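Subject: Structure handover and notes

Dear colleague,

Here is the structure I promised to pass on to you. Please open it beside this message, as my notes are meant to be read with the model on screen.

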Amino acid sequence: MEQPRKRARRGGVQSVRIEEVAREAGVSPITVSRAINKPRTVSEETRTSVLAARDKVGDIPNAVAGGLASRPSRTVGLVIPHIRNSTFADRVQGMTDVLTRAGYGLMLGLSGYSEQAEFEHVKAFLAQRVAGLCLTGTTHAESTRALLLRAGLPVVETSTLEGPFIDMAVGYSNELAACLMAEYLVSCGYTKVAMVNTLERHDRSLARERGFLDGLTRAGEPPGPGTVFRSDTSLALGAKAFVDVISTLPDVEAIFCANDVLAVGGMLEAKRRGIRVPEDIGFAGFDDIELAQEFVPALTTIRLKRYEVGSVSARLLLDRISGISPSSPITDLGFEIVPRASTRRPPVLPAVDIL
């Protein structure tokens, strides 16, 4: 009889083995963990399938020792990069509203886009026996992913639809949104369009960059070298990024920024220099924060359902905690391009509401 293949341990956890069992059984890795560690949370058919796959692939580790063996608390953990503006604040509010009505509390961790900081928060939340976890994006340290696969508790990853996912996902297509915004800007008559992306190289920023470049090509204005600039996020740094763009590309006609804060910072600098928006240069952003709506001229941007990212994630976690499986592990909340005064209007507005 063929002997099970041996795998080297990574970070003390054989996460590869869990994923092999999941592929063999045709389920998610988190379902494998639940079927073995918490069999009452899955159907008998699923558990039988997982056990058969495990026997074929080889054994996998037991559940995380310590606190996870005890009864979970009525608390959910959430890790987000920061809470400096409504992009993530609205998500926190959405989760809080749903969890509070169900008698659950929310524990919050701020990672600052650091994978190591996120891992430390996850470890701390697991030590507190949280009933479920919500993370931002799918870019995590391998140790974080392995730990959560081993723990087997409900997990929602947000703000992207690009897997592989640990368990469930709630978000929107960053790539498609940026692609359609690039096409929209070209439809407004702009032929020289640049992008200011964030410095963080996570899944969401990379997807927005890919989408933007693809959108220009699809619209018949293929990007040249030096089309994408990068900056940390603040109004002051958005102003500096604008100066970098016009210094490098003096014929630039419009700038798409990966978030609204960078875009507004750029418009402030344009105003200081006597550069008219949108007559001399157009600006577009991403997020539709309150500042984008109230600034003069108001910012053309991509509107996201930020509150719903939190509220839907909370409902999915509560269902999982109650033993209810979602009809689909992936929830696409869509997005909407909102034309405002910071860009010229195209001759005919295209259909850009993606729900």
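Residues are numbered from 1 along each chain as its sequence is written, and side-chain values use heavy atoms, with hydrogens and water left out.

**Confidence and overall make-up**

The average pLDDT (the predictor's confidence in each residue, from 0 to 100) is 88, and 88% of the residues score at least 70. Residues 1-14 stay under 50, and the model has 18 contacts for them beyond four places in sequence, a contact being heavy atoms within 4.5 Å. The pLDDT is also below 50 over residues 60-69, a stretch with 19 contacts beyond near neighbours in sequence. Where pLDDT is low, the predicted coordinates should not be read in detail.

The protein holds 12 helices and 13 strands, taken as DSSP runs (helices H or I, at least four residues; strands E, at least two) and numbered from the N terminus. Of its 355 residues, 52% count as buried, where buried means under 20% relative accessible area, exposed over 50% and partly exposed in between, with a 1.4 Å probe and protein chains only. Among contacts with a separation of 6 or more, 70% come from residues 24 or more positions apart.

**The sheet and its helices**

Four strands form an open sheet in the order β7-β6-β8-β9, with parallel pairing; two strands pair if DSSP finds at least two bridges between them. Strands β7 (228-231) and β9 stand at the edges with a single partner strand each, so one side of each has no neighbour in the sheet. Neighbouring strands are turned by 20° against each other on average, direction ignored. Strands β6 (residues 193-198) and β8 (residues 254-257) run parallel and are joined by 4 bridges, and V196 has C257 in β8 as its bridge partner.

Helix α7 (residues 174-187) packs on this sheet, touching β6, β8 and β9, and its direction makes about 165° with that of β8. Helix α9 lies across β6, β7, β8 and β9, running at about 155° to β7. For such angles, axes are lines fitted to C-alpha atoms, for helices over the stretch in contact, and the values run from 0 to 180 degrees between N-to-C directions.

**Aromatic pairs and single residues**

The whole structure contains 2 aromatic pairs, counted for rings of Phe, Tyr and Trp (its six-membered ring) with centres within 6.5 Å, and called stacked under 30 degrees between planes, edge-to-face over 60 and tilted for the rest. The rings of F242 and F283 have centres 5.5 Å apart and planes at 50°, so this pair is tilted. Because F242 lies in helix α9 (residues 235-248) and F283 in strand β9 (residues 282-284), the pair ties together parts that are 41 residues apart in sequence. F242 is buried at a relative accessible area of 1%, and F283 is also buried, at 1%.

R320, in helix α12 (residues 306-321), is buried with a relative accessible area of 15%, and its contacts beyond four places in sequence include R34, D167 and S325. G103 sits in the loop between α4 (86-101) and β2 (105-110) and is partly exposed, at 44%.

Best wishes

Key:
This is a predicted model: local features need pLDDT of at least 70, side-chain atom pairs count only at pLDDT 80 or more; totals for chains, interfaces and linings use all residues.
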